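Subject: Structure for you to look at

Hello,

Please find the structure below, with the sequence alongside. My notes on the disulfides follow.

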Amino acid sequence: MKPGTLAFFCLAAASACGYWNPEHSPTEQPVVKSVAPSHVLPGDTLTIEGKGFGTKPSDAAVKILHGPSSRSDAEILKWSDREIRARVRGCPVDITLSAPSVNLDRSLSITPYCEVPGQWKSFAGWMVDPVCPRTKDCYSWLLLLGFALDADGNLHLIRQSGPIEFSNTGPVSFVPTRLEGLPWLEVSVGDRHACGVRTDGTLWCWGSSDTGATGHPESSLVPRQVGAWDDWLSVAVGDYASCAVRKSGALYCWGANAELEMGHADADVATYTPRLVDSSATFALVRGNRGVLRTFSDGPMCALDTQGALYCWGDGIAIPSLLGPAHVRWKEVFPELLFFRAIDESGALWRVGGSQLVPEDETHAWAQLTVSFLGYCGVTTTHRAICADKEEPYPLDFAGDHRVRQLEKYWVGGVPACVVDTSDRLYCTPIW
């Protein structure tokens, strides 16, 4: 089973489950109608509604599992024939209801999360196999590296401890390790490499450099400074290139230019050195088509100027081009492969492809955006996490006291989704 998708309910007979107590068997066949919340964090109270649960729980009737061989009991708060309430302990992987047989009235989708110890400013993203050459098919979740900024701006490497496999067999936790050096203003993490700006204005990159995107000819898992300037303001990575903005508003890019993602027309040119992009605009921030395997070729890069106007390049566009109506002011942009989504100053979400500007969602006021398997997810200005990978946007069902500040979600199964709440706590779904 893949954690973060469908919770596993033990539906086997007594001999298979091993801990059904006939003394407390219900008088009718148990039926589970609903489980809430659907996104479960440590300490949450899980409510299971249905019928036929009996009036007394056996000692092991409800289990929150770390894995098939290492179970951790939930704290039973209520048990009645029609409702079970249990407080989740530790880092759940599977949720199991033990009964002779259970009929499900509908699909029960449960996404469990583990807490990453510490106080956190933001989660920067996941990197897959940063030392694997692009010419080889060697992606492995065993080399999945996460990066997050703590409340003081220090950068931490996030790794999952415990088994990482399809049939988890032991306890799981996420362990942060602080990276040495000054705090960071901004960090952008892509599929194979990452870059960031420190508080002293210097620019640093690490990961795979087989396209020159780290600013160095050799790959490295240790951040290395790019150039000698100390006035960098914003940085973004794509799959094959990186771009950054200096405090003067000048835009620089480096790496490969096969998709014109460096903002130059000479597609065959690649460079390890940041190269000035010819543009009359004064830029304030830059965003790339980053993220774990979101695309299999580099998409566009985008930037906002100091007036909130939107410019994009790459994916066949040689130089930064002004997109969208001139009167619209933007506060965030999320480039994707064939188009991009952007949030305007009112919080409305738009989709832009070519010269077309289409309202994506004007119902909610958006503060932050990420991608999902068939659409997008994000956080509203009221700290609600919402996804739109179905016909209509729908809220993610967290417990009522969890107000989300950031959500990072990926379209590749097995890559953890992570949330940062308004209390600066970081939670991630377990890897397989």
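Cys-377 and Cys-387 form a disulfide, with their sulfur atoms 1.9 Å apart; a disulfide here is a pair of cysteine sulfur atoms within 2.5 Å. Cys-377 lies in strand E33 (residues 376–380) and Cys-387 in strand E34 (residues 385–388), so the pair ties together parts that are ten residues apart in sequence. Strands (E, at least two residues) are DSSP runs, numbered from the N terminus. The torsion about the S-S bond of Cys-377 and Cys-387 is about 105 degrees, so this disulfide is right-handed. Both Cys-377 and Cys-387 are buried, meaning under 20% relative accessible area (1.4 Å probe, protein chains only).

Two notes on the source. This is a predicted model, in which local features need pLDDT of at least 70 and side-chain atom pairs count only at pLDDT 80 or more, while totals for chains, interfaces and linings use all residues. Residues are numbered from 1 along each chain as its sequence is written, and side-chain values use heavy atoms, with hydrogens and water left out.

The count comes to five disulfides. Among them is the one between Cys-243 and Cys-253, with an S to S distance of 2.0 Å. Cys-243 sits in strand E21 (residues 241–246) and Cys-253 in strand E22 (residues 251–255), so parts ten residues apart in sequence are tied together. Cys-243 is buried at 0% relative accessible area, and Cys-253 is buried at 0%.

Another disulfide joins Cys-302 to Cys-312 (S to S 2.1 Å). Its S-S torsion is about 105 degrees, so it is right-handed.

Regards

Definitions and conventions. Helix = DSSP H or I, 4+ residues; strand = E, 2+ residues; numbered from the N terminus. Buried < 20%, exposed > 50% of the residue type's maximum accessible area, 1.4 Å probe, protein only.
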